[in-house]
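Student: I'd like to learn how to read strands and cores in a structure. Can we go through one together?

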Amino acid sequence: GRDMEGGGGEGSLIGLLFPDGKRVRIKSDQLFLIGRGEKNDLVLKGKEVSTSHCKIIGDLILDTSTNGIRINGRRIPKGKQVQIKPGNVLRIGRHKVRVFGDRNSETKAQKIAEEEQKQREARQTAYVEGLNFYELQCPKFKGKGKELPKSALARGLAGQILMARANEDHSAFRDRLIAKMIR
């Protein structure tokens, strides 16, 4: 793929911001190709991304994929050009991409992306803590008819840990949770 990072300036209409901070700017008169194939302007990895997934020209996007594109959670009709604008979130395969225009919308998109990254990391940490908690407390659950599948319990505990963190009351909450589970 051709490197489109940086640039901007004259003729730049929109940009794409990825969760990892990478930015791609697209000129208003440019036909910009996105897909898994090496001949695209932007190459995205993943089996859910078609070789030629979509085309952007100006502020219009055209879905040319098998798996489709979502804009703000809504699937766009295959073969139909749809307008994109700053603030939109595109889902291309497993890739979540924010659209920005001027510097203000770019800064706003960056702040949102950073906050979403923090939330993902907090969920992952809570999930791991939930698994660790399960491993430590497992002997208390066995033989009481309360055995749950590990992943289901860990997800539940992860949610509880996040809520407890928000309330800053870990130990009391954990003790209440253990009491519920061994009843």
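Student: Which residue in E4 is the bridge partner of Gly35?

Tutor: Keep in mind that this is a predicted model. To read a pairing, pick a residue and look across to the neighbouring strand. For Gly35, the partner you find in E4 is Val43. Zoom out, and you see E3 and strand E4 (residues 42-43) joined by 2 bridges in the parallel sense.

Student: In which sense do E3 and E5 pair, parallel or antiparallel?

Tutor: Strand E3 (residues 31-35) and strand E5 (residues 54-57) run antiparallel, with 4 bridges linking them.

Student: Where do the side chains of a strand point?

Tutor: In a regular strand, they alternate between the two faces of the sheet. Now for the core here.

Student: How many residues does the largest nonpolar core have?

Tutor: That core has 21 residues, and Leu16, Ile34, Leu42, Ile56, Ile61, Ile84 and Leu90 have the most contacts inside it. Several strands each give the core at least two residues, among them E1 (12-17), E2 (23-27), E3, E5 and E11 (95-100).

Student: What does Ile84 touch?

Tutor: Leaving out residues up to four places away in sequence, Ile84 touches Ile14, Ile56, Asp59, Ile61, Ile71, Leu90 and Val99.

Student: And how far apart are Val82 and Ile61 in sequence and in space?

Tutor: They're 21 residues apart in sequence, but their C-alpha atoms are 5.4 Å apart in space. Val82 sits in strand E9 (residues 81-83). Its contacts beyond four places in sequence include Ile61, Ile71 and Pro77.

Key
Residues numbered from 1 in each chain as written. Predicted model: local features only at pLDDT ≥ 70, side-chain atom pairs only at ≥ 80, totals over all residues. Heavy atoms only, no water. Pairing = 2+ DSSP bridges. Core = buried A, V, L, I, M, F, W, Y, C linked by side-chain atoms within 4.5 Å. Buried < 20%, exposed > 50% of the residue type's maximum accessible area, 1.4 Å probe, protein only. Contact = heavy atoms within 4.5 Å.
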